[in-house]
Amino acid sequence: MLLELILAIFIGIIIGTITGLTPGIHINLVAVILLSFSAFLLNLTTPIILVIFITSMAITHTFVDYLPSIFLGAPDEDSFLSILPGHQLLLKGHAFEAIVLTLYGGLMALIIILIFTPIFIYMLPIIYPFFQKIMWLVLILISTFLIITEKNKKTHALIIFLLAGFLGIASLNLNIKEPLLPLLTGLFGASNLLISIKQKTKIPEQKIDLLKNIKLSKKSIAKTFLASILSSPFTAFLPGLGASQAALIGQQFLDIKNSKEFLFLLGAINTIVMGLSFVTLFSIQKTRTGAAATISRLIPELTINNLYLIILSIIISGLIAFSLTIFLAKFFAKNIHKIEYSKLSKIILIILFIMITIFSDSTISGKLLALLVFFISTSLGIFTILSEVKRMHLMGCLLVPTILFYLL
């Protein structure tokens, strides 16, 4: 049993590294594929071993996925906010520093997960029924608050939020097997890549600092720690909200304007949201991530011993993923300036196109619908970038359908 658990953790770390590095492949997709083969896999091992594999994969992904989002500009829905501050540092030759700051945040997240686990276990069953009754109102208030944070583009932000919402409703109701794949890939990945190709971005040679020289002040660490504690727990049990919204909420509450502090905060929240989604599953049997949803199918009711193993795998995976991502970041930093960025962006676009064609649906009509969603969502993403509005508002594609679900 012990050997199987160790093997599950390390295989999860390997697969999580691959999903984190590969634009367009999200852990949710791997989790769905694993679930489809679960009958066969359960003849070889036990459900808890598969659960530990998924947990390790998911946590590793939250550490590694900043590499493509910062170096390549092809993020998933949880890390796309890192593009702006991360890309700025990339163009200044400090992408390695940007990556390390998100990793420091990830390490801090492991501590916060441990702090919040007992709180979630005992308090969430008490407060969640109240939130469930007014969920639609809570989500509307949060969405409104985030739109108001746009200083001079509130109208644009509202329009983009609603357009993304309508697109989300349409996509989720089309006959597509994996509607979120073309939707989110277009909104947050392809749109940024096309802008980079048009601007003919050139990447300067990157500086690789010693880890001891990459640090934040005690005041900055305290501020981001508090921001993480205030904002991230709610996204672990409120549907439709993710790390990006939590980061913006934390940024507004604590007035975080420094880009390095923000990267630290985003790195922390991304891992916190994923880690606490497993605790939420145990506490109130609700799933807020694809990984947690897959675990709920494998083990309908987690025991406290299952949760202990999950928490242990979170800590082990996080610590190993930190070191592994440092190594990969050095490799990226040493070589990224040698690559013609526009050609690389075109190659990534082709890969995204192929993945959507392969994984979104098995029928020809489904593939065509998926590609249609991909093209429309990419267009909306480009419009958002050119409008100079935070792309966080594109998450209306998930928030609006969720609000309507609870309201109607």
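How much space lies in the largest cavity of this structure? Hello everyone, let's start there. This is a predicted model, and the space in its largest cavity comes to about 50 Å³. The structure holds one cavity of 30 Å³ or more.

If you have the model open, you can pick out the lining: Ser143, Leu146, Phe161, Gln245, Met392, His393, Gly396 and Leu399. Two elements each give two or more residues to that lining, namely helix H8 (135-148) and helix H18 (396-407). By class, the lining has four nonpolar residues, four polar ones and no charged ones.

Now to the helix packing. Two packed helices are described by the angle between their axes and the distance between the axes. I have two pairs to show you.

On the H1 side, the contact is made by Leu5, Ile9, Phe10, Ile13, Thr17 and Leu21. H15 brings Leu309, Ser313, Ile316, Ser317, Ile320, Leu324, Leu328 and Phe332. Sorted by class, this contact of H1 with H15 has 11 nonpolar residues, three polar and no charged.

The second pair is helix H4 (residues 47-64) with helix H14 (residues 290-298). Here the axes are 10 Å apart, and the angle is about 175 degrees. Angles over 145 degrees count as roughly antiparallel, so H4 and H14 are roughly antiparallel to each other. Which residues of H4 meet H14? They are Pro47, Leu50, Val51, Ile54, Thr55 and Ala58, and they meet Ala291, Thr294, Ile295 and Leu298 in H14. The contact of H4 with H14 has eight nonpolar residues, two polar and no charged.

Last, a word on the backbone. Most residues other than glycine have a negative phi. Let me point you to two residues with a positive phi.

Gln285 is one of them: its phi is positive, about 55 degrees, although it is not a glycine. You will find Gln285 in the loop between helix H13 (259-284) and H14. H14 is also the helix that packs with H4.

Then there is Glu388, again not a glycine, with a positive phi of about 60 degrees. Where does Glu388 lie? Look in the loop between helix H17 (364-386) and H18. And H18 takes us back to where we began, as one of the helices that line the largest cavity.

How values were computed
Residues numbered from 1 in each chain as written. Predicted model: local features only at pLDDT ≥ 70, side-chain atom pairs only at ≥ 80, totals over all residues. Heavy atoms only, no water. Contact = heavy atoms within 4.5 Å. Helix = DSSP H or I, 4+ residues; strand = E, 2+ residues; numbered from the N terminus. Nonpolar A, V, L, I, M, F, W, Y, C, P; charged D, E, K, R; others polar. Axes fitted to C-alpha atoms, helices over the stretch in contact; angles between N-to-C directions. Parallel < 35°, antiparallel > 145°, perpendicular 65-115°, else oblique. 1 Å grid on protein atoms, 1.4 Å probe; cavity = no way out; pocket = protein on both sides within 12 Å on 5 of 7 lines; lining within 4 Å. Points joined across faces, edges and corners; volume = space filled by probe spheres on them.
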